[in-house]
Amino acid sequence: MSCGDCNPAATPTPCEDIQGDGRWMSMHNRFVTGSKGKEPDVLFVGDSLVQLLHEFDVWRKLFSPLHTLNFGIGGDATHHVLWRLINGELDHISPKVVVLWVGTNNHGHTPEQICGGIMAIVNVINQRLPRAHVLVLGLLPRGKNPNPLRDRNSRVNALVQGELTSVSFASFLDVDPGFVHSDGSISHQDLYDYLHLTPQAYHRVCQPLHTRVKSLLEEQAP
């Protein structure tokens with residue numbers, strides 16, 4: 001695979017083991033080996049917002065019954081997910097729907113680069129799982145008050161939504177229920193550290209997401 005015109009966000013790259021315990025690669029290998037023999041209908045892949053979802057009741061109530069796997073790793077950016085998917089995580093499974101939620105950790109990348117990284121992931125999924133529908137979730141606002149990363153994420157969403165209109169078997173879903181208040185602030189009752197979701201916020205995000213995923217599954221039913 002090329003480096004996406006040398007776009008760092010679209011260049012498959014394993015996460016650097018800065019801490020020295022090999023956890024990231026261990027999780028990747030667990031996803032690869034643990035998926036053997038599984039027959040998921042839905043796959044979630046992305047960063048900590050995906051990974052942490054697995055720990056909440058909303059996952060057990062809404063998504064586990066849909067035969068769902070969770071391939072989320074905290075801190076992942078687009079180039080990390082891209083590397084994971086082309087290095088075995090899709091080899092043993094054939095989900096009908098792949099939910100992709102990544103991009104907010106692409107620090108130092110432009111909105112155009114992040115969009116390119118997301119689209120590179122969509123293309124890999126479409127190539128390896130041509131019958132699966134890729135549902136790309138919009139990046140959420142972050143930070144208690146208005147800041148450049150909010151603006152960047154909003155721009156990424158607009159770019160990705162535009163790109164996906166011409167892609168078969170892929171669509172975009174804005175899962176922000178309105179976390180930004182009229183004064184521009186975000187409450188810690190929704191994003192407890194102004195990035196990650198509280199249980200009540202996951203509930204607000206996941207109700208429409210669950211509806212969309214079920215609809216996509218029904219569309220693919222024989």
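I count a residue as buried when its relative accessible area is under 20%. By that cut-off, buried residues make up 53% of the 222 residues in the protein. The model I am looking at is predicted.

**Entry 1: overall build**

I listed the secondary structure and found seven helices and five strands. Along the sequence I read the order as α-β-α-α-β-α-β-α-β-α-β-α. I then checked the dimensions. The radius of gyration is 16 Å, which agrees with the value near 17 Å that a compact globule of 222 residues would have. Along the principal axes, I get a box of roughly 50 × 40 × 40 Å for the C-alpha atoms.

I looked at how far apart in sequence the contacting residues lie. Of the contacts with a separation of 6 or more, 78% are between residues 24 or more positions apart.

**Entry 2: surface and charges**

For the charges I took 18 positive and 22 negative, and their mean positions are 4 Å apart.

I went to strand 1, residues 42-46. Five of its five residues are buried, so I note strand 1 as largely enclosed by the rest of the structure. I sorted its side chains by direction: Val42, Phe44 and Gly46 point one way, Leu43 and Val45 point the other way, and all are buried.

Next I looked up the pairing. Strand 1 runs parallel to strand 2 (residues 68-72), with five bridges between them. Strand 1 is also parallel to strand 3 (residues 97-101), again over five bridges. I used Val42 as a reference point: its bridge partner in strand 2 is Thr68, and in strand 3 it stands opposite Val97.

**Entry 3: strands 4 and 5**

I found strand 4 (residues 133-137) paired with strand 5 in the parallel sense over four bridges. Leu135 has Ser171 of strand 5 as its bridge partner. Strand 5, residues 170-173, is covered on both faces. On one side I have Ala170 and Phe172, on the other Ser171 and Leu173, and all are buried.

**Entry 4: helix 4**

I turned to helix 4, residues 78-89. Since 10 of its 12 residues are buried, I record helix 4 as largely enclosed by the rest of the structure. The buried residues include His79, His80, Trp83, Arg84 and Glu89. I then asked what the buried residues of helix 4 pack against. The elements I found are helix 1 (23-34), strand 1, strand 2, strand 3 and helix 5 (111-128).

Arg84 belongs to helix 4, and I looked at this residue separately. Its relative accessible area is 0%, so I count Arg84 as buried. Setting aside residues up to four places away in sequence, I find that Arg84 touches Trp24, His28, Phe31, Val45, Gly46, Phe71, Gly72, Ile73, Asp76 and Glu89.

**Entry 5: Pro14**

I ended with Pro14, in the segment before helix 1. Is Pro14 buried or partly exposed? I have it as partly exposed, at 35% relative accessibility. Pro14 and His79 are 65 residues apart in sequence, yet I get 7.7 Å between their C-alpha atoms.

Terms used
Residues are numbered from 1 along each chain as its sequence is written. This is a predicted model: local features need pLDDT of at least 70, side-chain atom pairs count only at pLDDT 80 or more; totals for chains, interfaces and linings use all residues. Side-chain values use heavy atoms; hydrogens and water are left out. Helices (H or I, at least four residues) and strands (E, at least two) are DSSP runs, numbered from the N terminus. The radius of gyration is taken over C-alpha atoms; the globule rule is 2.2 Å times the number of residues to the power 0.38. Buried means under 20% relative accessible area, exposed over 50%, partly exposed in between (1.4 Å probe, protein chains only). Contact means heavy atoms within 4.5 Å. Lys and Arg count as positive and Asp and Glu as negative; His and the chain ends are not counted. The place of a charge is taken as NZ of Lys, CZ of Arg, CG of Asp or CD of Glu. Two strands pair if DSSP finds at least two bridges between them.
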